[in-house]
Protein chains: 2
Amino acid sequence: MSVEAVGTTRRGRGARRAQRQSRDITMLPALRRRLPLTEPMDGEQVARIDAASMEILENVGVRFRDPIALEDWRRAGAKVVDERVYLDRHLVRELIATIPERFTYQARNPANALPFGGDHAIFVPMTGAPYLRDLEDVRRAPTLDDLANFHRLCHMLPALHSSAHHIVEPCDHPISQRHLRITYSSMKYSDKTFMGMTTSPRNAEDVMEMCALLFGAEFMESHPVVTGNCNGNSPLVWDETMLGALRAFCRRNQPVLCSPFVLGGANTPASTAATVAQLNAEALSALAYTQVVRRGCPAIYGHYLSTVSMKSGAPMAGTPEISLMNFMIGQMARFYGVPWRSSNTLGGAKTFDAQAGYESAMTLNAVLLAGCNYIWHSAGWNEAGMHCSTAKFIVDAEVCAMGYRMAEGIDWSDFDTALAAVADVGPGGHYLGHPHTLERFQQAFFMPEMFDNNSIEQWQAEGSVEITERALIRARSLLADYEEPSLDVAKDEALRDFIARREREIPAADALNQEY
Amino acid sequence: MSVEAVGTTRRGRGARRAQRQSRDITMLPALRRRLPLTEPMDGEQVARIDAASMEILENVGVRFRDPIALEDWRRAGAKVVDERVYLDRHLVRELIATIPERFTYQARNPANALPFGGDHAIFVPMTGAPYLRDLEDVRRAPTLDDLANFHRLCHMLPALHSSAHHIVEPCDHPISQRHLRITYSSMKYSDKTFMGMTTSPRNAEDVMEMCALLFGAEFMESHPVVTGNCNGNSPLVWDETMLGALRAFCRRNQPVLCSPFVLGGANTPASTAATVAQLNAEALSALAYTQVVRRGCPAIYGHYLSTVSMKSGAPMAGTPEISLMNFMIGQMARFYGVPWRSSNTLGGAKTFDAQAGYESAMTLNAVLLAGCNYIWHSAGWNEAGMHCSTAKFIVDAEVCAMGYRMAEGIDWSDFDTALAAVADVGPGGHYLGHPHTLERFQQAFFMPEMFDNNSIEQWQAEGSVEITERALIRARSLLADYEEPSLDVAKDEALRDFIARREREIPAADALNQEY
């Protein structure tokens with residue numbers, strides 16, 4: 001090897017190492033909001049939504065399609081007629097009163113545990129995509145390797161507080177066994193918080209077992225270590241699968257997101273205020289049920305929220321009513337003192353185009369100013385959730401960091417020294433070389449790396465690289481530098497043994513098997 | 001001609017007419033905000049910014065590079081040393097106290113006159129682009145015809161409240177005469193409000209003359225009919241061109257946007273709070289000067305606001321600090337009781353891509369919730385203002401309509417009937433056929449036309465049309481349907497005569513001629 005080649009190699013390695021060192025992958029702490037919230041309702045209007053929801057619960061009722069839940073409700077003192085449960089407002093209020101207003105959401109790396117609820121907010125990436133746009137922006141079915149890559153990216157992107165669960169559906173593995181591999185992937189490739197599958201009561205039990213192996217069953221009794229999402233069937237129905245999964249989580253004291261699935265105008269009235277009243281009734285009914293299952297168990301007010309196009313029937317995102325409803329729902333969740341989950345960056349674009357940008361930023365602003373605690377679907381969502389875009393995943397995560405900075409509010413710490421610089425520089429001067437500028441610039445002004453603000457001449461000279469490609473270059477570079485967080489060998493083995501056993505037990509029939 | 005051909009023609013015409021009729025181009029009234037504003041400062045912090053700005057005005061001073069202004073200030077009682085004016089806070093407060101908090105911004109079509117200031121907001125398109133991306137998305141130098149097309153689009157897009165002025169620079173016409181043709185184009189192709197050129201004091205006088213021909217000189221004495229923008233040279237400098245143009249407007253009682261031109265970190269300190277203090281001092285100095293020129297003249301608190309990348313020196317948009325500073329500046333403008341102009345949809349993307357979408361939506365949300373009255377650069381801005389994108393112009397205008405709806409707040413009008421629908425439909429039903437839905441859907445939920453929310457299969461079956469092309473199809477269709485608003489023949493002739501005379505007087509030297 002020539003001296004020159006050695007030199008080149010060293011420069012290459014050195015540059016790579018330097019880049020890795022300069023790239024800070026340290027997770028941002030849970031956001032502590034200091035910006036005032038957008039609260040479009042006065043106290044009377046909050047009371048009006050509350051009263052309307054209570055009337056719905058008392059007089060219209062909620063269908064719990066699940067014999068165990070119906071029996072639970074009967075025992076709890078509710079009026080049950082066939083599958084319909086009529087919930088007295090006093091019972092509802094009494095039940096939801098025991099939901100903790102805040103808790104610490106544990107991670108296997110204690111440094112990544114998150115204060116949750118109140119003024120805090122966390123960003124959780126999208127989940128559930130049946131397709132992905134991959135590292136070459138090709139739309140295709142995802143694999144377990146793809147899912148692992150997303151979990152690796154979660155681990156490295158500072159604004160993401162969670163590796164969630166099935167960011168993409170690993171289609172190379174049987175559906176009936178998928179939840180095991182997904183959970184393992186979440187646990188293994190990132191040491192941040194994660195989510196647990198709720199695709200069936202039995203699957204949820206498996207997740208609980210795996211969490212017990214990772215955190216200890218005893219620890220779970222007093223520490224939330226995983227969240228699970230249970231969708232309602234709006235209007236006013238909770239089904240057996242979701243209720244069974246909810247019970248599996250609650251029995252182990254783990255928080256469930258109680259999420260009515262709202263397609264505004266299709267399964268709710270064509271009215272923002274009345275949609276919120278119905279959604280609120282639905283969320284309260286499930287939140288109350290978590291406390292029937294286990295008093296004091298943490299639970300999260302949730303929803304999936306879209307409005308529907310009357311022209312096409314398609315769900316819409318980033319619309320003004322979604323922002324308004326988010327503002328209102330945030331007020332209701334705070335009124336009840338329950339932490340709240342909403343969705344970020346939703347959108348229906350087919351590619352990572354301007355539509356995707358507008359919709360995502362609109363929604364991010366709304367949920368931040370609405371005071372959301374659990375900001376789900378914060379990275380990657382596109383095509384109404386049908387695919388997770390790798391490029392968008394990277395950019396969304398940076399945009400979340402920008403929203404994070406905004407929500408932190410104004411930094412007054414150096415106001416006086418900065419004013420001294422104004423006197424120093426005086427009329428017609430400039431600040432670029434001033435000591436205050438040199439000292440403060442990095443903290444003072446966010447510099448997005450995925451947004452290109454150079455001149456068109458410079459951009460063209462550098463190859464006219466579009467944002468999708470810029471983000472994919474970043475994704476590839478992150479993955480090349482990825483270092484797996486260490487996992488206790490005995491725990492890892494126990495998890496693998498559990499999965500092996502369960503995969504022997506569960507038929508690998510390639511169909512959704514709700515029994516397992 | 002065969003019967004069939006006649007039939008086809010009729011169907012064609014009929015369809016065209018029907019489309020025209022179904023497309024509502026009626027301008028939205030000036031937005032009346034009902035959503036609460038984002039106010040990150042408490043009273044003490046507002047007072048702190050005010051005090052810091054007043055100290056800058058008193059002790060650092062502002063350079064007015066203009067002998068007339070210096071003489072005016074001397075007469076008004078300010079301390080003047082060389083070109084530097086030291087403004088006592090009592091003098092500043094006394095002067096700005098006579099700026100009207102609100103007024104009616106007149107249009108040649110009285111139906112398009114706008115209540116301005118207070119809770120009201122208007123959307124004004126971008127201006128000043130040296131390039132455009134045209135109806136085929138080709139980036140090139142604009143012509144007077146291109147400018148006319150943008151003015152036609154302004155006339156037809158409901159959320160735009162103004163045709164502004166030189167949306168794009170008509171490069172096929174001599175610079176020294178351009179202001180005449182630009183003003184005529186604004187007046188002729190739209191009957192909404194518009195802006196006047198301030199490229200030189202003499203040009204501003206020409207604009208005043210043309211406004212007098214259109215509205216009557218007498219009418220202008222008591223009615224604002226045109227706005228002009230005067231940029232400061234931050235830090236703390238106002239130059240002769242801008243000050244002369246400002247005087248031309250103020251003498252005729254026409255409102256000037258007093259706009260410090262902020263590149264945060266380059267011509268302001270690396271601090272959001274101190275940048276606002278400096279910008280506020282700059283704006284106040286020019287606002288006060290408008291009242292030296294003419295007491296009681298309307299004036300608008302303005303700014304151009306970006307932060308600068310320390311890596312490249314490029315201005316950045318959509319960053320968290322820009323949002324925060326907008327929130328703060330809105331509070332300051334309201335503290336002084338002066339209407340306020342900010343900028344919308346700024347961004348540095350080279351094409352109409354995801355970056356453009358994120359940046360524009362971020363900024364729109366910020367300026368709406370900051371309570372901006374005059375939301376400039378609301379359509380078309382791209383590439384840091386170097387080009388106006390026709391496609392983005394169309395989409396931005398629709399996104400403004402979405403922001404408008406959000407800022408209007410919650411509609412409670414049909415809450416009770418909508419709740420009755422919840423009881424009607426009950427658990428597990430759906431609302432699509434319900435009479436309440438059929439009656440209310442159009443008003444209840446905004447349906448963006450430029451965002452495609454169909455399935456990917458349907459989108460592909462329809463030709464995979466990207467958002468840029470969708471918007472350009474819309475632009476071409478609007479222009480094909482454009483009907484010129486009638487203009488009084490005598491006034492039109494007087495305007496043309498004036499332009500002809502001035503073009504004989506002004507040398508067509510193809511260089512910026514500040515004397516004319």
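The residues that line the largest cavity divide into eight nonpolar, four polar and no charged. I start there, and a reminder before I go on: this is a predicted model.

So what is this cavity? Its volume is about 70 Å³. The search of the whole structure finds six cavities of 30 Å³ or more, and this is the largest of them. Two elements give two or more residues each: strand E15 (304-308) and strand E16 (315-316), both of chain B. E15(B) has the largest share, three residues.

Next, the two copies. How does chain A lie on chain B? Now the interface. Of the interface residues of chain A, 100% are also interface residues in chain B, so the copies meet through the same surface.

On to the pockets. Rolling a probe the size of a water molecule over the atoms shows where empty space is left. The largest pocket has a volume of about 1,300 Å³. Its lining has 46 residues. Nearest the centre lie Glu398(B), Ala401(B), Phe446(B), Met447(B) and Glu449(B). Which elements give two or more residues to this lining? From chain A, helix H11 (320-336). From chain B, helix H1 (3-22), helix H13 (390-408), helix H15 (435-444) and helix H17 (467-481). H13(B) gives the largest share, seven residues. By class, the lining has 23 nonpolar, nine polar and 14 charged residues.

The second largest pocket holds about 890 Å³ of space. It is lined by 28 residues. Asp24(A), Pro158(A), Glu398(A), Phe446(A) and Glu449(A) lie nearest its centre. Helices H1 (3-22), H13 (390-408), H15 (435-444) and H17 (467-481) of chain A each supply at least two residues. The largest share, six residues, comes from H13(A). The class count here is 16 nonpolar, five polar and seven charged.

Now the sheets of chain A. Strands of a sheet pair through backbone hydrogen bonds, either parallel or antiparallel. One open sheet has four strands in the order E1-E7-E18-E17, with mixed pairing. Why is one side of E1 and of E17 left without a neighbour? Strand E1 (31-32) and strand E17 (341-343) stand at the edges, each with a single partner strand, so one side of each has no neighbour in the sheet. E1(A) pairs with strand E7 (residues 120-123) in the antiparallel sense, over two bridges. Within that pairing, Arg32(A) stands opposite His120(A) in E7(A).

Another open sheet of four strands in chain A runs E9-E8-E20-E19, again with mixed pairing. Here strand E9 (139-140) and strand E19 (381-382) are at the edges, each with a single partner strand, so each has one side left without a neighbour in the sheet. Further in, strand E8 (residues 131-133) and strand E20 (residues 387-389) of chain A run parallel, joined by three bridges. Tyr131(A) has His387(A) in E20(A) as its bridge partner.

A word on domains. Chain A is assigned domain 1 (96-407) and domain 2 (410-444). Their C-alpha centres lie 41 Å apart.

Last, some backbone points. Most residues other than glycine have a negative phi, and most peptide bonds are trans. Where are the exceptions to look at? In chain A, a cis peptide bond joins Ser234(A) and Pro235(A), with omega about 0 degrees. Pro235(A) is in the loop between strand E11 (227-232) and strand E12 (237-239) of chain A. In chain B, the peptide bond from Ser234(B) to Pro235(B) is cis, with omega near 0 degrees. Pro235(B) lies in the loop between strand E11 (227-232) and strand E12 (237-239) of chain B. Then there is Asn253(B). Its phi is near 70 degrees, a positive value in a residue other than glycine. Asn253(B) sits in the loop between helix H9 (240-251) and strand E13 (256-264) of chain B.

Notes. Residues are numbered from 1 along each chain as its sequence is written. Chains are lettered from A and ligands numbered from 1 in the order in which they are written. This is a predicted model: local features need pLDDT of at least 70, side-chain atom pairs count only at pLDDT 80 or more; totals for chains, interfaces and linings use all residues. Side-chain values use heavy atoms; hydrogens and water are left out. On a 1 Å grid over the protein atoms alone, a cavity is a set of points where a 1.4 Å probe fits but cannot get out, and a pocket is an open set with protein on both sides within 12 Å along at least five of seven lines; lining residues have an atom within 4 Å of a point. Grid points are joined across faces, edges and corners, and a volume is the space filled by probe spheres set on the points. Ala, Val, Leu, Ile, Met, Phe, Trp, Tyr, Cys and Pro count as nonpolar, Asp, Glu, Lys and Arg as charged, and the others, Gly among them, as polar. Contact means heavy atoms within 4.5 Å. Two strands pair if DSSP finds at least two bridges between them. Domain bounds come from an automatic or database domain assignment.
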